[in-house]
Amino acid sequence: MITPILLAALALVLAGPVPALLARADWPYRIPRAAVALWQSVALAAVLAAFGAGIALSYSTAGQPGEPRFDPSSSRDLAAAAVLALTALVGVRLLWAAGRVAVGTRARRKRHRDLVDVLATPDGLIPGLRVLAEQTPLAYCLPALRGARVVVSVGALDRLDDGELRAVLAHEQAHLRARHDLVLEAFTALHTAFPRWVRSDVALEQARTLVELLADDDARRRNGPLPLARALVALAGSPAPEAAMAAAKSSTVLRVQRLSDPEPRYPLQSAATYAAAVLLLVVPTFTVAAPIVQAVVHALAG
């Protein structure tokens, strides 16, 4: 009975206190790539620990896999079955949320892409660039496996000089190359899978900020920090479509401050963060997999 209690405690810690502490820390902004990996690990480990707690509690109540002794007349066995069913329901809800987010996001982006192709003018400066005849300053990208678009408005072109425009386009292309949208899609699916009174916005908001920092770092390496910093200030507060990733959508102050510092290089801190991300996944993964492997071995031996 100790295993399910420990796993349930681990799931609660990873779902509450750990994200809260990570969100208050500044160091993840120095190593955004490793920090994204850590956030992914925390989220996945929390889910695996919750699954592991449900499976372990069911097994500890009704018996080990390979040694079934389920008795429908036993309240203890019925409770074990209920726990297992509830665990499976959480899994189904997660899969449903992932599918709904994936289909909905792609449909919204396709509609927006089709609209942009009709209303905007192609520009050969970079592949997929479209210029909207709109005075509101806009700069965003619409990721896709094929036919991704980078959209800027005439209003944005009026505010940016050539260097700032190149920096903004490099930022958007970094999002497209690295498929940062898929990172956010996973966090969005996890966020929407649970009721409002259970879920937290922290992980999703932090993931959004960190992928912007990653795109900033890419644009900085190609064009230097100052053009991008000036562009972020010029485009601050600009609106962005729901399905898009926009250059100046969030955390402008943090990003400009970060660009004013030398390019961050923290190899040891990155290595430690990656190591922590891997370790976080080991315990719950092993605990979930162990009963399944045990059952398979039992079946083969029998």
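1. Basis. In this predicted model, local features need pLDDT of at least 70, side-chain atom pairs count only at pLDDT 80 or more, and totals for chains, interfaces and linings use all residues. Residues are numbered from 1 along each chain as its sequence is written, and side-chain values use heavy atoms, with hydrogens and water left out.

2. Annotated segments. An unreviewed UniProt entry places "transmembrane region" at residues 6-23, 35-59, 79-103 and 274-297; such annotations may be inferred rather than shown by experiment. Residues 6-23 are 94% helix and 0% strand, with end C-alpha atoms 24 Å apart. For residues 35-59 the figures are 100% helix, 0% strand and 35 Å. Helices here are DSSP runs (H or I, at least four residues), and strands are runs of E of at least two.

3. Largest pocket. The largest pocket holds about 940 Å³ of space. Its lining has 32 residues, and Ala15, Ala46, Ala50, Phe194 and Val198 are the closest to its centre. A pocket is an open set of points on a 1 Å grid where a 1.4 Å probe fits, with protein on both sides within 12 Å along at least five of seven lines; lining residues have an atom within 4 Å of a point. The volume is the space filled by probe spheres set on the points.

4. Lining. α3 gives the most to this lining, nine residues. By class the lining has 26 nonpolar, four polar and two charged residues, with Tyr and Cys counted as nonpolar and Gly as polar.

5. Charged contacts. There are 16 salt bridges (a side-chain nitrogen of Lys or Arg within 4 Å of a carboxyl oxygen of Asp or Glu). In one of them, arginine 109 meets aspartate 181 at 3.3 Å, N to O. Arginine 109 is in helix α4 and aspartate 181 in helix α7, so the pair ties together parts 72 residues apart in sequence.

6. Backbone. Arginine 179, not a glycine, has a positive phi of about 50°. Arginine 179 sits in the loop between α6 (162-178) and α7.
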